[in-house]
Amino acid sequence: NNTNSPYTRYGYGDLSDQSFGNSKAMGGIAFGLRDGAQINPLNPASYTAIDSLTFLFEGGVSLQNMNISGGGVKLNAKNSSFDYLAMQFRLHRRLAMSIGLLPFSNVGYSVSDTQAATDPTTGNTADYARSYTGDGGLHQLYAGVGVKVLKNLSVGVNASYFWGDINRTRVLYFPSVSGAYNYNHQSVASVSSYKLDFGAQYTFDINKKHSVTIGAIYSPKLKLGNDYSVTTQMVSNSTGTAVSTTTLKPDATFEVPNTFGAGFTYNYDKRLTVGLDYSLQQWSKTKFDVNTSDEAVREDFNETYTYCNRHKVSVGAEYIPNLMGRSYLSHIKYRLGAYYTTPYYKIGGKEATREYGVTAGFGLPVPRSRSILSISGQFVRISGQESAFVNENIFRVSIGLTFNERWFFKRRVE
């Protein structure tokens, strides 16, 4: 799941970074990024940058080391994950297409504590333990097209199949009390739906060496089709058998928000690219609700948090020393970036965290081909906004490989 964060208990979990190899190393900028040698699904208008003879196939993975601290407790966790898999090709001189698989969110946490309880009838005190665990996430399989409507203007759309399961379990048990009953509560949210994302890019040339690309994206609010179930068990502490089991299937409303984004990139001599992005996700206007009067059922979604708007600002740059140089080092793409993000949920009525990240990496040409190996490193600081909230430091290494093949040309034999 690529996460051990207790913050993934809330909402859909940790929202995935859906940028590809070059964008990851540039702080996640994507809306104005236009590169015919790499895929950029965050703005489908960018697909038209590909030339008529090129077929792209790209995949990526990540490895990360996470240090979590809070309440006097420290934890180290190591994870790995699949990031993306996609292809892109031209259909017509004004039309290009991309197909790919992306993660949308990840859930993965395990939190427990021990408390003391007093029986009001006998006055006896006993320790009890609470455990909260969760796993799963949501995924996207997309197919998108970009259309060049004017010489410098392109628009695009991605149509995605959206699916996944999120499992949450809460357990209350008395480890030292013989004959006591343990309480197990498990909820499973299965999502299956369709989603549309729109994009546009406009490029204008200042002169032969200077150009600017402006990009914008929009994703409409979406109500997700879902199947939600809750199973509650009372389990004997002495025998380990369930003495009662109850399963409910209440109506649930799960939504993803309106998303707006805009950005630009400045390009000098096809060697230097500098960009800035801003995005807004209107989570405060979405629902994540279970229609039931059972408070134990509602707790997973309603009692502990509410949604708030999520903002993200990214900056990044890429530099190639010499496109015509003979040495290998002169063709390496050097990348650098940073970003800042607010959370999409509140805990106790307050925004829980702030996220800061710095990124750097390289685009390494594969010898005797047009393919590119992208390697990036990201340092992420997730800072809890209250003393009771945990802090997370993450170091992540991402590796992406872009196969760039010449497929669509006719060979001539004289």
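Guide: Let's start with the second largest pocket: strands S6 (153–173), S7 (181–205), S8 (210–219), S13 (259–268), S14 (272–281) and S21 (353–365) each give at least two residues to its lining. Keep in mind that this is a predicted model.

Visitor: Which strand gives the largest share of that lining?

Guide: That's S8, with four residues.

Visitor: What makes a space a cavity rather than a pocket?

Guide: In a cavity a 1.4 Å probe fits but cannot get out, while a pocket is an open set of points. The structure holds one cavity of 30 Å³ or more, and the largest cavity comes to about 40 Å³.

Visitor: What lines the largest cavity?

Guide: Among the lining residues are Gly-21, Lys-24, Tyr-84 and Gly-400. Helix H1 (21–24) and strands S2 (54–70), S3 (73–92), S22 (372–384) and S23 (391–406) each supply at least two. The largest share, three residues, comes from S23.

Visitor: Why does Thr-8 count as buried?

Guide: Buried means under 20% relative accessible area. Thr-8 has a relative accessibility of 1%, so Thr-8 counts as buried. You'll find Thr-8 in the segment before strand S1 (14–15).

Visitor: How do you know that the side chain of Thr-8 makes a polar contact with the backbone nitrogen of Gly-108?

Guide: Such a pair of N or O atoms has to lie within 3.5 Å, and here the side chain reaches that nitrogen at 3.2 Å. Beyond its neighbours within four places in sequence, Thr-8 is in contact with several residues, including Thr-3, Asp-14, Tyr-109 and Arg-168.

Visitor: How do you know that S9 and S12 pair?

Guide: Pairing takes at least two bridges between the strands. Three bridges join S9 to S12 (residues 251–256), therefore they pair, and they run antiparallel. Leu-224 stands opposite Phe-254 in S12.

Visitor: In what order do the three strands of the open sheet come?

Guide: The order is S9-S12-S15, with antiparallel pairing.

Visitor: Why do S9 and S15 stand at the edges?

Guide: S9 (222–224) and S15 (288–291) each have a single partner strand, so one side of each is left without a neighbour in the sheet. From one strand to the next, the twist averages 25°.

Note on methods. Residues numbered from 1 in each chain as written. Predicted model: local features only at pLDDT ≥ 70, side-chain atom pairs only at ≥ 80, totals over all residues. Heavy atoms only, no water. Axes fitted to C-alpha atoms, helices over the stretch in contact; angles between N-to-C directions. Buried < 20%, exposed > 50% of the residue type's maximum accessible area, 1.4 Å probe, protein only. Polar contact = N/O pair within 3.5 Å; in protein donor to acceptor, adjacent residues only side chain to side chain. Contact = heavy atoms within 4.5 Å. 1 Å grid on protein atoms, 1.4 Å probe; cavity = no way out; pocket = protein on both sides within 12 Å on 5 of 7 lines; lining within 4 Å. Points joined across faces, edges and corners; volume = space filled by probe spheres on them.
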